[in-house]
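Good morning, and thank you for coming. Please take a moment to look at the sequence and the structure on the screen.

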Amino acid sequence: MTREETRRRFADGDTWFATSPLYRELSRAVAADDDLLDLAARSRSGQQPANMLMAAVHLLVLKDPSSALAAFYPSVVGHAAQPPGRAAAPFRQFCEAHLPALEAILQTRLVQTNVPNRGVAVRLGMREAARRTDGRVFFLEVGPSAGIQLLFDRWAVELGGRHFGPDPAPLTLAVEWRSSDPVPDLDDQPTVVGRIGVDLNPVDAGDSEERLWLKALVWPEHRARMAQLEQALAVVAAHPPRILAGDAIELLPSLGSRIPDTVPLVVFHAMVRIHVEESRQEAFDRAIEGLAARRRLLHVSLEAPGMDRPQGGSGHLLRFRDSAGEDVDLARADGHCTWIESLV
Ligand SMILES: C[S@@+](CC[C@H](N)C(=O)[O-])C[C@H]1O[C@@H](n2cnc3c(N)ncnc32)[C@H](O)[C@@H]1O
């Protein structure tokens with residue numbers, strides 16, 4: 001990515017980091033600073049430099065809460081955080097002082113933000129699958145990170161005043177229902193006969209360094225989301241789902257012959273395609289579509305409209321594509337699934 005392309009990503013921080021005042025401020029500062037832009041551009045190919053630089057610094061701040069910069073991070077100092085308007089200069093000094101450590105993080109880590117609330121999108125997709133099939137499916141998630149969504153049926157859901165899922169549950173996902181239509185019955189779910197994930201880099205929820213990276217990817221003001229992530233990861237560590245390591249574009253064609261073809265296959269991905277280099281996104285789509293050769297494919301995706309329109313003004317689209325039936329856009333949601341709006 002050229003410096004000017006990187007600059008545009010940071011200049012778009014007000015949209016991309018809409019719910020993080022600190023990152024909006026820092027994004028503006030980085031967009032005007034060639035040294036910091038060049039540092040961010042050292043992220044691995046295909047990785048979003050703005051997410052990567054913010055998370056890399058956040059990781060070091062979480063590791064050293066005594067640093068001057070930590071005073072600006074609600075994730076470290078809670079409500080006592082300093083106003084973001086004064087954070088730019090300490091941020092720059094911190095980056096200069098930690099250059100080798102930041103470069104090492106940028107060159108090894110990936111954007112792997114695992115958002116428990118996106119499990120509601122899985123439930124909505126599975127409900128549609130239950131209505132269209134005889135009630136048995138195999139579940140494949142592309143890009144599950146640590147695998148929180150692979151365990152979607154372990155979490156309870158509060159949606160529009162209704163409660164779904166196991167009771168008691170180790171975690172409840174509370175999501176706002178933005179629709180005058182009645183809340184769909186999210187207990188209407190198919191039986192999942194098996195499940196598997198495919199990720200470039202499966203995250204081991206049992207490893208404290210890996211958990212800290214996932215925490216660093218959460219924006220510093222989102223303390224409730226961090227607590228939710230920790231709860232979910234504890235369950236994932238105790239019940240690790242099977243996740244194959246590799247690029248879905250290369251793995252899916254051979255995986256297709258190794259998973260059952262006697263039941264429909266639900267393939268789900270959330271915020272994955274947007275992290276695939278643009279030149280490979282069509283191949284990504286084809287690799288998933290190819291799975292329909294042997295069985296009915298129900299392809300459920302929750303993706304941002306595009307890198308230039310991270311929230312698209314109207315949210316991310318929850319799409320349901322059926323190799324043996326009609327395609328439908330089920331809902332819109334914000335990037336972290338704090339709200340969902342029905343489209344059906
Ligand atoms: C932003 S995270 C989203 C994680 C999870 N889907 C969620 O919504 O909570 C994107 C994930 O996709 C994975 N990924 C990106 N490109 C991939 C590819 N070509 N094949 C498999 N996994 C990929 C990354 O490693 C990362 O774990």
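I shall go from the chain as a whole to a group of aromatic rings, and then to the cysteines.

Let me say at the outset that this is a predicted model. The chain is built from 13 helices and 11 strands.

How does the radius of gyration of the chain agree with that of a compact globule? For 344 residues, a compact globule would have a value near 20 Å, and the chain has 20 Å, which agrees. Of the 344 residues, 53% are buried. If we take the contacts with a separation of 6 or more, 71% of them come from residues 24 or more positions apart. The accessible surface of the chain is about 14300 Å², and carbon and sulfur atoms account for 47% of that surface.

I turn now to the aromatic rings. How many aromatic pairs does a search of the whole structure find? The search finds 3. One of them joins F17 and Y23: the ring centres are 5.2 Å apart and the planes stand at 75°, so this pair is edge-to-face. An angle over 60 degrees is what places a pair in that class. Both partners are buried, F17 with a relative accessible area of 1% and Y23 with a relative accessible area of 1%.

F17 also pairs with W219, again edge-to-face, at 5.2 Å centre to centre and with 80° between the planes. Where do these two residues lie along the chain? F17 is in the loop between helix 2 (13–16) and helix 3 (21–31), while W219 is in the loop between helix 10 (208–216) and helix 11 (223–238). The pair therefore ties together parts that are 202 residues apart in sequence. W219 is buried, as is F17. Taken together, the ring pairs link F17, Y23 and W219 into a cluster.

Finally, the cysteines. A disulfide is a covalent bond between the sulfur atoms of two cysteines. How many disulfides does a search of the whole structure find? The search finds 0. Are C95 and C337 buried or exposed? C95 is buried, with a relative accessible area of 1%, and C337 is buried as well, with a relative accessible area of 0%.

Thank you for your attention.

Terms used. Residues numbered from 1 in each chain as written. Predicted model: local features only at pLDDT ≥ 70, side-chain atom pairs only at ≥ 80, totals over all residues. Heavy atoms only, no water. Disulfide = S-S within 2.5 Å. Buried < 20%, exposed > 50% of the residue type's maximum accessible area, 1.4 Å probe, protein only. Phe/Tyr/Trp six-rings, centres within 6.5 Å; stacked < 30°, edge-to-face > 60°. Helix = DSSP H or I, 4+ residues; strand = E, 2+ residues; numbered from the N terminus. Rg over C-alpha atoms; globule rule 2.2 N^0.38 Å. Contact = heavy atoms within 4.5 Å. Areas by Shrake-Rupley, 256 points an atom, 1.4 Å probe, with all protein chains shown as cover.
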